[in-house]
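Okay, everyone, thanks for coming. Today I'd like to talk about charged side chains and who pairs with whom. Let me put it up on the screen.

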Amino acid sequence: MLSLDDNRWGNLTGGYKTRFDPRPLLTRLATGQETASVWHGLWDELHHQGDVGDASYAAVPQLVSIHRERDVVDWNTYGIVAIIELARTEPKNPPVPKWLEKDYFSAIQELAKSGASEIMRTEEPEAVRSILSVIAIAKGLRTHGKFLVEYSEDELLNMDSSG
């Protein structure tokens, strides 16, 4: 995992394809400070209209580590990791840097394992869908993961009835 002290953070790009250093937001998230505004900033900067960058990928292991330490079922962690991973394979997005590959893909697997136990601790539909999305993605069911994270139950029912 890229240490928060590593200078490479300053040269990474986010979802807007411009430099973005998520360390201040990650630090605030780890301490539980203003989590709603922190999540807003992370969602805004790490993913933009299907675009992600190397800062997005580097944030994933940090987000999973923070999630583990906080021990709170938070749909945001699952949702943002799923969205970043789904965007990774889009042609317009860069590949995961070689120096980050192992930590990035291991973090997704770790989050899926956490989700397998955490799913029974929540009743929140957004959390359940996000957790199931990461599990599906980790097991190679990317299309299922995409539908789980991007569409609510009502939206899926509307699709089914309009066809």
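So, helix 4: Arg88 and Glu85 sit 3 residues apart in it, which puts about one helical turn between them. This is a predicted model, by the way, so keep that in mind. Those two side chains form a salt bridge, with the closest N and O atoms 2.7 Å apart. And the general idea is one you all know: side chains of opposite charge can pair when their charged atoms come close.

Arg121 and Asp71 make a salt bridge through their side chains, at 3.8 Å from N to O. Where do the two residues lie? Arg121 is in the loop between helix 5 (101-118) and helix 6 (125-138), while Asp71 is in the loop between helix 3 (54-70) and helix 4 (75-88). So this pair ties together parts that are 50 residues apart in sequence.

One more pair: Arg8 and Asp6 meet in a salt bridge, at 2.9 Å from N to O. Arg8 is partly exposed, at 36% relative accessible area.

And how many salt bridges does the structure hold? The count is 12. Okay, over to you for questions.

Definitions and conventions: Residues are numbered from 1 along each chain as its sequence is written. This is a predicted model: local features need pLDDT of at least 70, side-chain atom pairs count only at pLDDT 80 or more; totals for chains, interfaces and linings use all residues. Side-chain values use heavy atoms; hydrogens and water are left out. A salt bridge is a side-chain nitrogen of Lys or Arg within 4 Å of a carboxyl oxygen of Asp or Glu. Buried means under 20% relative accessible area, exposed over 50%, partly exposed in between (1.4 Å probe, protein chains only). Helices (H or I, at least four residues) and strands (E, at least two) are DSSP runs, numbered from the N terminus.
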